[in-house]
Amino acid sequence: MSERSSAAGSPPRAASPAPSVPAALATAIDEVARVGRLLVSLDFDGTLAPFDVDPARSRMLPDSAAAVRRLAALADTTVALVSGRSLASLAEAAGASQPLVDPGAATPAPPGLPLGVVLVGSHGLEARWADGSLDPVVLSDAEARALRELDARLTRLAEEPGAAGAGGSGATTGAWVERKPASVSLHTRTVADAEVASGLEAAARAAAEGLPGVEILPGKRVVELTVRRGDKGRALDLLRAREHADAVFSIGDDLTDERSFVRLRPDRGDIGVHVGPGPTAAQFRVGTIEQVSAVLARLADSRRTSAPAACPCHA
Ligand SMILES: [Mg+2]
């Protein structure tokens, strides 16, 4: 939609005012690009894709999508999208059900991702692995009952007078409820009045009261109530072990990404990058999602030129 992507075909360093990668981060990227097996763990919303009032419309920035595709095509490199979205929503938004496109194609690629990209949804509770196999969420009867009750409570909150915000009317201008396999969330990003939004968030947290086993996952303008705790940190540990990764590159913008960042081992070459302002356990920070595109392009370029040319196991 915007300017034509320069991700394929020609070196992108000419006249375009592309966002730069901080020097210290560029150096660290070039180092991690040389490891034997690399895991690239990527948050989706606010990292690869800009926020949209309707999450169903969120799509990756074209330059980020192109870099992710190039990374996924490299030997000994696993790319995983690790999101709080449900697996189904993540796959839809990432276009991850589309077939693999030629990574060397000179024309701008379509916005989808290859099937070999691992998708981890619900903060690690469900996954689609690189071979296409699925690990779904299976709730106990008690968990399913609690989830139904939470859904009813948050739905009532979202329908309260005032929840739609000043002048708001309709689903995309007020608080709204997102339903996932093990949780329900109240989103307040689209509530116009900040005080109303924080009041709703407090009420959403209180909605967990009296329901044993329910946990609260606060986020940016969202309160998620879950009957089974997902944890991006545990997801990262699982991915690292499953993929036999020698090092991990992890990037994300949300509070839940901090659980991943604290599991990183910078002494072994892992890299964590936080997107945006605010405190973080990550070693590095970028300001915008356009910079994320530049960081991923740097990683793809560096790994393509410095990693072992081909996986010996496939030779
Ligand atoms: Mg995010």
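This is a predicted model: local features need pLDDT of at least 70, side-chain atom pairs count only at pLDDT 80 or more; totals for chains, interfaces and linings use all residues.
Close-up 1. Asp45 sits in the loop between β1 (38–42) and α2 (62–72), and Asp253 in the loop between β10 (247–252) and α7 (258–261), so the pair ties together parts that are 208 residues apart in sequence. Helices (H or I, at least four residues) and strands (E, at least two) are DSSP runs, numbered from the N terminus. Asp45 and Asp253 are both buried, meaning under 20% relative accessible area, with exposed over 50% and partly exposed in between (1.4 Å probe, protein chains only).

**Close-up 2. Asp270 and its surroundings.** Look for Asp270 in the loop between α7 and β11 (271–275). Asp270 is buried, with a relative accessible area of 2%. Its side chain reaches two backbone nitrogens: that of Val248 at 2.8 Å and that of Arg265, also at 2.8 Å. Leaving aside neighbours within four places in sequence, Asp270 is in contact (heavy atoms within 4.5 Å) with Arg240, Ala247, Val248, Leu264, Arg265 and Gln283.

**Close-up 3. Helix α5 and its buried face.** Helix α5 (residues 194–206) has 13 residues and reaches 18 Å from its first C-alpha to its last, close to the 18 Å expected at 1.5 Å a residue; the expected span is 1.5 Å times one less than the number of residues. Its buried residues are Ala197, Leu200, Glu201 and Ala204. Seen down the axis of α5, these fall within an arc of 100°, so they line one face of the helix; the arc is that of the directions from the helix axis to the C-beta atoms. Their cover includes α4 (141–159), β7 (183–187) and β9 (222–226). At the start of α5, a side-chain oxygen of Asp193 comes to within 2.8 Å of the backbone nitrogen of Glu195.

**Close-up 4. Stretches to read with care.** The chain averages a pLDDT (the predictor's confidence in each residue, from 0 to 100) of 85, and 83% of the residues score at least 70. Over residues 165–172 pLDDT stays under 50, and the model has nine contacts beyond four places in sequence for them. Residues 309–315 are also below 50, with four contacts beyond near neighbours in sequence.

**Notes.** Residues are numbered from 1 along each chain as its sequence is written, and side-chain values use heavy atoms, leaving out hydrogens and water. Local features need pLDDT of at least 70 and side-chain atom pairs count only at pLDDT 80 or more, while totals for chains, interfaces and linings use all residues.

Note on methods
A polar contact is a pair of N or O atoms within 3.5 Å; within protein, one must be able to donate a hydrogen and the other to accept it, and residues adjacent in sequence count only if both atoms are side-chain atoms.
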